[in-house]
Amino acid sequence: MSHVGVPRGTSRKRRSLALLTTGVLALPALAGCSSGKDEATSATVVPQDVAPAARAQVAEGGTVNWAIDAMPATLNAFQADADSATTRITGALLPTLFPLDAKGRPQLNPDYLESAKVVDTEPRQVVLYRLNQQAVWSDGREIGAPDFVAQWRALSGKDSAFWTARNAGYERIEKIERGADDLEVKVTFAKPYADWRSLFSPLYPKQVTGSPDSFNDGARSTLKATAGPFRLREVDKETGSVTLARNPRWWGSPAKLDSLVFKAVKPQDRTEALAEGKIDVADIDAASAHRIVQAARGAGANGAPPAHGPGSEITPAQALRSWALAHGSDEEVAEEAQAARDEKAGAAKAYAAEQSDLSAYVVRKSLEPAYTQLALNGETGPLADDRVRRAVARALDRQELVDAVLKPLGLPAEPLGSHLALAGQPAYKDGSEALGSQDTKEAQALLADAGWTREGATKKTDGTKAGSEGEKQKDAGKTQEKAAQKKEAAEENEAKETAEAEEAAEEEKGEKADSAKDDGKTDGAARREPSDDDGLYIVGDDNKPGEAEGAATHVIAPAPAAAAQSAALLRQAGRLGETGTSEDAPVRITAQDRQPGGAAGAYAPAGTAAPAQAPDSARGPLGKDGKPLSLRFVLPSGPGSESLRSVGDRIAAMLDTIGIRTEITKVSDDSYFQDHVASGDYDLALYSWPATAYPATDDRPIFAKPVPATDGSLLVEQNYTRVGTDHIDQLFDEAVSELDEGAAGDLMKQADARIWAAAGSIPLYQRPQLVATDKKLLNVGAFGFGAPHYQDIGFKKPQSAGAPANTKK
């Protein structure tokens, strides 16, 4: 599954899951929030889907090929360019002291720890770790206090020579000592730290963290020592693969697999890679999941692609060929018919082969430990006014949005009610009532209170009196202009009648009949402005590069026939709304260019009835001082982001009903987050944040109040909405120092309510997690919150006694 839109490089190096952007990013509805249910148990919790099995059922041996988005830039999880591949790979190689369980709760890992607890709080908080006496690094050295000390010094922030992306928690440590023996590590904090379980995971050997050189460069492509069920065998940049082998020094339950290979496969290439048997496990999008489910059901077994869905697409060439069959000569018709039959037979054969290959896989589904939000940039523009932000939020029917994303996948469709926890986590509570439910009238009232009205879109409150001399001159000018236009139109009509008379005479003589007819059509279309009834199809930017601002240049196809054909061809090619643009060139489409239920840029043919307007609609754009209320909505344009763009279209339509115009700008995936979201070059955006078991630590920089820097810029940490308050910061600070878990949880729920009220971020929904796996694989799939048990992953034992393990890979 594509993850465009999930920010990377956060304070405590949050796991990089989506950004993209993602691919599947959507939202839940304020109208569907549960107001009276406080705890996670009141919300629907989606379990893991990993084909769980006892180790006795798992065969010994074999290799699993696991798709990752790209080769990891580094194997040091504490560096800024660490990503989801880094997290996945190091999880099998290095100690995680408190991995998360299926409910997102940290649990002590007995492979590394016998115990870990707070043994003192006065005068200082002291945590005592009792290590598993068998725990050793792959070079044979015991895991111990020297490793804890080296990691603390590297991440404390006191030595700038270490290029680290985070130091949260480590900067609170006062000292680390050996305990009663070599198996005990005693950590003393200068300040109380509630999230102490988040520290030392992953734990690196002192060979990596002991010096700036080894930390900064030494662990980017290799690790000098590891301590997991697997060890690092090879990093091959040419083939784009990282190979792990069973660790002979592993003291826990031995890995079932001989080797685990992580292969870089782009999200859009994974269905083909699965069909070719190149990978066994892969995050996938909804379209790929549908194809695999079809194959499992035996759909298309007769070799014929289905009438609808994957495999049914008609190419533009085929559509144009159909046109040729209706208008060409007999010989041309025969040739085109044969070509169409050959193409159809080839497509059917390829489809049948793919279905046969994909039938070896199954789709595991759950919900990712990540949520999608609508971000509202409150730094400048209309959204700097909290009333406008709240109006946007209250215009959204989040239930409709979450239904569109999750229901087709058979997943529970419930709007997310918290910024700081997900359904299933003990800290979850729906706090959306602090903002209010969906209410069109209230949204309109908030906008009116902020000064945005329908009258304001055309009037300037500059103090000029009605009937002034300036207005009179302006009116006189308009009258003269209209008279000139009438005169010009009369002259054009007279010329047109003369041309038609000459044309009729020529037709009687049998000369230039076809030419005259075509010229008449072209002349008629060129002599007037296109009207809404024409059903025009508009593609690309309104302004071409190099043209003067406001010089509208459109690519127009005459309606209704050409518009319908153009829309049909582009829809069948999967390109509707993106035509005429490159991946890097932003495409701007306003909400007013869309028809409900249709695609951006496609107008209904002439004679189509206007859609019924919502009863509470603003019936026109709002404005202030002659300036319309328009918001720039930035979305990614790449493959895998279709669902995100669909959600964006729905949001734009909802805002249109209250008089807010949106200009959707599609940008390349590579530039989406860094160049637009992080830099603040947007009004509205959709992206995701990973969930965490430590919100007081991990979520503080996401919602921290921006502060001015000495150079006049704004320091936003990871708060890309630029919306925050001193009170929210205070609640986070109190929670991170509160050692009573219940009291800390209450502080986080108060902070979440304040974040809702500020309306800079509107949580939408927990992202779907779809994973394709070989049907014979066990203990792997959609893990949800939980961490994989790499040593338990393997192939199902054959039914017949004594049969060899699956080593086909």
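Rings of Phe, Tyr and Trp (its six-membered ring) pair if their centres lie within 6.5 Å; planes under 30 degrees apart count as stacked, over 60 as edge-to-face and the rest as tilted. By this rule there are 20 aromatic pairs.

The model is predicted, so local features need pLDDT of at least 70 and side-chain atom pairs count only at pLDDT 80 or more, while totals for chains, interfaces and linings use all residues. Residues are numbered from 1 along each chain as its sequence is written, and side-chain values use heavy atoms, without hydrogens and water.

**Exercise 1.** Classify the aromatic pair of Trp-689 and Tyr-720, and state whether each residue is buried or exposed.

*Solution.*
- The centres are 6.2 Å apart and the planes 10 degrees apart, and the pair is stacked.
- Trp-689 has 1% relative accessibility and is buried (under 20% relative accessible area; exposed is over 50%, partly exposed in between; 1.4 Å probe, protein chains only).
- Tyr-720, at 9%, is also buried.

**Exercise 2.** Describe how helix H9 (residues 386-395) packs on helix H11 (residues 440-449).

*Solution.*
- Helices are DSSP runs (H or I, at least four residues), numbered from the N terminus.
- Axes are lines fitted to C-alpha atoms, for helices over the stretch in contact, with angles from 0 to 180 degrees between N-to-C directions.
- For H9 and H11 the angle is about 165 degrees, and the axes are 8 Å apart.
- H9 and H11 are therefore roughly antiparallel (angles over 145 degrees; under 35 is roughly parallel, 65 to 115 roughly perpendicular, the rest oblique).
- Residues in contact (heavy atoms within 4.5 Å) include Val-388 and Ala-391 of H9 and Leu-446 and Leu-447 of H11.

Notes
Helices (H or I, at least four residues) and strands (E, at least two) are DSSP runs, numbered from the N terminus.
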